[in-house]
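Reader: Got a model here that I want to go through. Can you walk me through the charged pairs and the strands?

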Amino acid sequence: MKVALIGFMGCGKSSVGRRVAEEAGWEFLDLDEEIEKTTGRKIREIFETDGEGEFRKIERKVLKDVLNRKDNLVISLGGGTPTWGDNINLLKKRALLIYLYAPFDVLWERIKDDTSRPLTSLGENKVRNLFEVRKSFYEEADFVVDTSDKSVEGVVKEVLAVLENFISSKRNNNEGE
Ligand code: S3P
């Protein structure tokens, strides 16, 4: 089984995913890092030189490759990954999706000065708009974890609990068959 963490920029997908994988004894993979590794380029540079459309094509290709890797894998996606093309359908078929929710104002405080995230240069209003548009995609997740007022470790605990419950309910269902 693969678990994919989804949610807007700044919700903690990478730091939470890394710790969840450590605790579960699973592999961890960050999609943005994987894109940078395979292309040898920074995300920001891809956006600036080739535009967002090209970035999304690369992202889709790397996503497909990652979803074909070995199971027992926690994947942290980019904020836009599940909202592009039919990535959400691919993801729903191939991974358990957990949405890390936080309110926009909290997220904006965390990301507004981060120049490695090219979309922050759009400014608060446009990014807030993006958050609103993306909501319905994120809400397709199997589970939502509300990260408001929680530390990274608090969110990690909650994600692990979701995972354990899911695995044990699956086991019980299989035994009943
Ligand atoms: C993006 C989010 C980024 C990265 C790229 C585009 C987005 O990932 O994939 O800058 O569209 O929201 P994080 O969510 O890890 O910042």
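Author: What follows covers salt bridges first, then strands. This is a predicted model, where local features need pLDDT of at least 70, side-chain atom pairs count only at pLDDT 80 or more, and totals for chains, interfaces and linings use all residues. Residues are numbered from 1 along each chain as its sequence is written, and side-chain values use heavy atoms, with hydrogens and water left out.

Reader: How many salt bridges does the structure hold?

Author: It holds 23 salt bridges. A salt bridge here is a side-chain nitrogen of Lys or Arg within 4 Å of a carboxyl oxygen of Asp or Glu.

Reader: Which residue does glutamate 153 meet in a salt bridge?

Author: Arginine 19, at 2.6 Å from N to O. Glutamate 153 lies in helix H8 (residues 152-176) and arginine 19 in helix H1 (residues 13-24), so the pair ties together parts 134 residues apart in sequence. Helices (H or I, at least four residues) and strands (E, at least two) are DSSP runs, numbered from the N terminus.

Reader: What network does Arg19 join?

Author: Salt bridges that share partners link Arg19, Glu22, Glu23 and Glu153 into one network.

Reader: What about lysine 92? Which partner does it have?

Author: Glutamate 140, with the closest N and O atoms 2.4 Å apart. Lysine 92 sits in helix H5 (residues 87-94), while glutamate 140 is in the loop between helix H7 (124-138) and strand S5 (143-146), 48 residues apart. Lysine 92 is partly exposed at 40% relative accessible area, and glutamate 140 is partly exposed at 36%. The cut-offs: buried means under 20% relative accessible area, exposed over 50%, partly exposed in between (1.4 Å probe, protein chains only).

Reader: And aspartate 105, what does it pair with?

Author: Arginine 128, closest N and O atoms 3.3 Å apart.

Reader: In which sense do S1 and S4 pair?

Author: Parallel, over 4 bridges, with S1 spanning residues 2-6. Two strands pair if DSSP finds at least two bridges between them. Alanine 4 stands opposite leucine 97 in S4.

Reader: How many bridges do S4 and S5 pair over?

Author: 4 bridges, in the parallel sense. The bridge partner of tyrosine 101 in S5 is aspartate 146.
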